[in-house]
Structures are given as structure tokens and as C-alpha cells.
Amino acid sequence: MADSIRIHLLEPDGRSHDVAGHAGESLMRAATDAGVDAIKADCGGMMSCATCHVIVDGEWANRLPAPTDEEQSMLEMTAAPREATSRLSCQIVLEASLSGLVVRLPETQY
């Protein structure tokens with residue numbers, strides 16, 4: 001697909017997933033549609049569960065809009081320890097400038 005946005009998700013065990021998303025779609029939706037089991041997304045992207053936690057690669061973190069206060073609050077509830085570049089993947093909206101985005105998946109979502 002010419003208009004797809006490529007995202008690289010890295011599992012803690014070294015496996016990786018290269019998924020394609022579309023502009024306006026959340027990273028969470030692109031990952032779950034691609035069958036990435038490490039993103040649970042129990043609330044379906046309603047920002048009420050923190051089971052779509054990802055750690056954005058430092059090179060990419062400043063390219064994203066800052067997290068909202070609500071996202072910051074939800075990040076306090078992640079099962080795996082929060083890191084400086086932790087985000088909820090339901091709050092990362094894909095756009096062409098994010099093609100190539102690299103995120104790490106935490107050890108657990110529960």
C-alpha cells in the first residue's frame with residue numbers, strides 16, 4: 001500500500017513486528033489489527049485500561065505530541081514499569097511523518 005505507515009514493534013524477547021497503519025488510525029489499532037498479541041487493548045482504545053502501553057524509541061519520542069494529562073494519569077497504572085518515553089498506543093495517532101516509528105513492548109500488560 002502506497003499510503004501505509006510502517007511501524008516497528010520490538011518484543012522483550014527480541015522478536016519484532018513490522019506493521020502497516022493508515023493516517024488517522026491509532027498505533028494500537030494498527031498493531032491489534034496485525035495480530036500483535038503483546039498489545040492487549042482491553043478497553044478498545046478508550047484510554048481506561050493502560051493495556052496498550054508501549055515505550056517509544058528515544059529518537060522518535062520528541063516527534064509525538066506531548067501526552068495529555070489523562071494519558072499521564074493512565075500511564076501511572078501500567079503493569080510494567082513506566083519509562084520516560086512510555087505512551088499508550090491508543091493515543092498515538094499515525095501520520096506520514098511517523099513512518100518508521102520504533103516502539104518497544106513491555107514485559108507485560110497485566
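Contact here means heavy atoms within 4.5 Å. Numbering starts from 1 along each chain as its sequence is written, and side-chain values use heavy atoms, with hydrogens and water left out. The model is predicted: local features need pLDDT of at least 70, side-chain atom pairs count only at pLDDT 80 or more, and totals for chains, interfaces and linings use all residues.

**View 1. Q109 and its surroundings.** Not counting residues up to four places away in sequence, Q109 touches A38, I39, K40, A50, T51, C52, H53 and A79. Q109 sits in the segment after strand 5 (101–104). Helices (H or I, at least four residues) and strands (E, at least two) are DSSP runs, numbered from the N terminus. Is Q109 buried or exposed? Q109 counts as buried because its relative accessibility is 6%. Buried means under 20% relative accessible area, exposed over 50%, and partly exposed in between (1.4 Å probe, protein chains only). One of its polar atoms lies 3.1 Å from the backbone oxygen of A38. A polar atom of the Q109 side chain is also 2.9 Å from the backbone oxygen of H53. A polar contact is a pair of N or O atoms within 3.5 Å; within protein, one must be able to donate a hydrogen and the other to accept it, and residues adjacent in sequence count only if both atoms are side-chain atoms.

**View 2. The whole chain.** The chain holds 3 helices and 5 strands. Their order from the N terminus is β-β-α-β-α-α-β-β. The radius of gyration is 12 Å, close to the 13 Å that the globule rule gives for 110 residues, so the chain is as compact as a globular protein of that length. This radius is taken over C-alpha atoms, and the rule is 2.2 Å times the number of residues to the power 0.38. Along the principal axes, the C-alpha atoms fill a box of roughly 35 × 30 × 25 Å. Buried residues make up 43% of the 110 residues. Among contacts with a separation of 6 or more, 65% join residues 24 or more positions apart.

**View 3. Strand 1 and its two partners.** Strand 1 (residues 5–10) has a covered face of I5, I7 and L9. Its uncovered face carries R6, H8 and L10. Two strands pair if DSSP finds at least two bridges between them. Strand 1 pairs with strand 2 (residues 16–21) in the antiparallel sense, over 6 bridges. L9 stands opposite H17 in strand 2. These two strands form a hairpin with 5 residues between them. In that turn, G14 has a positive phi of about 100°. With strand 5, strand 1 pairs in the parallel sense over 4 bridges. There, H8 has V102 as its bridge partner, and L10 stands opposite R104.

View 4. E11 lies in the loop between strand 1 and strand 2. E11 is buried, with a relative accessible area of 13%. The E11 side chain makes a polar contact with the side chain of H17, at 2.7 Å. Leaving aside neighbours within four places in sequence, E11 is in contact with H17, A38 and L105.

**View 5. Strand 3 against strand 5.** Strand 3 and strand 5 run antiparallel and are joined by 2 bridges. The bridge partner of I55 in strand 5 is R104.

**View 6. The largest nonpolar core.** A nonpolar core is a set of buried Ala, Val, Leu, Ile, Met, Phe, Trp, Tyr and Cys residues joined through side-chain atoms within 4.5 Å. The largest one has 30 residues. Which of them touch the most other members? They are I7, L9, L27, I39, L88, I92 and L101. Strand 1, helix 1 (27–33), strand 3 (53–56), helix 3 (69–75) and strand 5 each give two or more residues to this core. Helix 1 gives the most, with 4 residues. Not counting residues up to four places away in sequence, L88 touches M47, A50, C52, H53, E71, M74 and L75. In soluble globular proteins, nonpolar side chains tend to be buried together.

View 7. Most residues other than glycine have a negative phi. A41 is not a glycine, yet its phi is positive, at about 50°. A41 is found in the loop between helix 1 and strand 3, and counts as buried at 13% relative accessibility. M47 is found in the loop between helix 1 and strand 3 too. Its phi is near 55°, again positive in a residue other than glycine.
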